[in-house]
Amino acid sequence: MDFKTGRADHIEDVLIRLHTGQWFGWSDSKNKVYSNLIIHDKIWDETYTGSSHEEGLIDNPHSKPTQEFLESELQRMQGEFDAQDYARDRKSAYPPFADQFDQIFHEGIDKWKETIQAVKDAHPKP
């Protein structure tokens, strides 16, 4: 994940969203490529309420996704993110809510609508 933008940029971003818990790992954590992807034999049972760690482990029900699936899902996630660029641009361009309320109070709703419409026009939906 690109921490500045929040855009998915690695197959690990797909894996994290597929299932909860620590169900996968890497044989080389410094080289996170598909060939180094491993699926753990045992995972933590999130419904377990006992006190023994070993009793809380279950066989991992998840299998290794294909590289093609992970790459296509990553592209899909990136496409969804990119399609919302206009919304992120609008969000940063809108005045703070307090300023908007102040404008409505002092200048009326029609003037406020003009301000909001100018932001929408500058950042149109695709």
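**Salt bridges, a helix and its core**

Q: What makes the pairing of Asp-82 with Arg-7 a salt bridge?
A: In this predicted model, the closest N and O atoms of Asp-82 and Arg-7 are 2.8 Å apart; a salt bridge requires a side-chain nitrogen of Lys or Arg within 4 Å of a carboxyl oxygen of Asp or Glu, so the pair qualifies. The pair links distant parts of the chain, with Asp-82 in helix H2 and Arg-7 in the segment before H1, 75 residues apart.

Q: Where does Gly-79 lie, and how far is Gly-79 from Arg-7 in sequence and in space?
A: Gly-79 is found in helix H2, and at 36% relative accessibility it counts as partly exposed. Gly-79 and Arg-7 are 72 residues apart in sequence, while their C-alpha atoms are 9.6 Å apart in space.

Q: How do you know what separates Arg-76 and Glu-73 along helix H2, and what joins their side chains?
A: Arg-76 and Glu-73 are three residues apart in helix H2, which means that about one helical turn separates them. Their side chains meet in a salt bridge, with an N to O distance of 2.5 Å, and this lies within the 4 Å cut-off.

Q: What makes Arg-88 and Asp-85 a salt bridge, and how are they placed in helix H3?
A: The closest N and O atoms of Arg-88 and Asp-85 are 2.4 Å apart, again within 4 Å. The two residues are three apart in helix H3, and therefore about one helical turn separates them. Arg-88 is partly exposed with a relative accessible area of 30%, and Asp-85 counts as partly exposed at 36%. Elsewhere, salt bridges that share partners join Glu-73, Arg-76 and Glu-80 into one network. The structure holds seven salt bridges.

Q: How do you know whether the span of H2 agrees with its number of residues?
A: At 1.5 Å a residue, the 17 residues of H2 should span 24 Å, and the end C-alpha atoms are 24 Å apart, so expectation and model agree.

Q: What places the buried residues of H2 on the same side or on opposite sides of the helix?
A: The buried residues of H2 are Leu-70, Glu-73, Leu-74, Met-77, Gln-78 and Phe-81. They cover an arc of only 140° around the axis, and therefore they lie on the same side of H2. These buried residues pack against H1, strand S2 (37-39) and helix H3 (85-93), whereas the face turned away from the buried side carries the exposed residues Glu-68 and Gln-75.

Q: Which residues have the most contacts inside the largest nonpolar core, and which elements give two or more residues to this core?
A: The largest nonpolar core has 13 residues, and those with the most contacts inside it are Leu-15, Phe-24, Trp-26, Leu-37 and Leu-70. Helix H1 (11-18), strand S1 (24-26) and helix H2 (67-83) are the elements that give two or more residues to this core. Leaving aside neighbours within four places in sequence, the contacts of Phe-24 include Glu-12, Leu-15, Ile-16 and Leu-37.

Q: Why is the ring pair of Trp-23 and Phe-24 given its geometric label?
A: The structure holds four aromatic pairs. In the pair of Trp-23 and Phe-24, the ring centres are 5.3 Å apart and the planes stand at 70°; centres within 6.5 Å make a pair, and planes over 60 degrees apart count as edge-to-face, so this pair is edge-to-face. Trp-23 is buried, with a relative accessible area of 1%, and Phe-24 is buried, with 7%. Ring pairs link Trp-23, Phe-24 and Trp-26 into a cluster.

Technical notes:
Residues numbered from 1 in each chain as written. Predicted model: local features only at pLDDT ≥ 70, side-chain atom pairs only at ≥ 80, totals over all residues. Heavy atoms only, no water. Core = buried A, V, L, I, M, F, W, Y, C linked by side-chain atoms within 4.5 Å. Buried < 20%, exposed > 50% of the residue type's maximum accessible area, 1.4 Å probe, protein only. Helix = DSSP H or I, 4+ residues; strand = E, 2+ residues; numbered from the N terminus. Contact = heavy atoms within 4.5 Å. Expected span 1.5 Å × (residues − 1). Arc of directions from axis to C-beta. Phe/Tyr/Trp six-rings, centres within 6.5 Å; stacked < 30°, edge-to-face > 60°.
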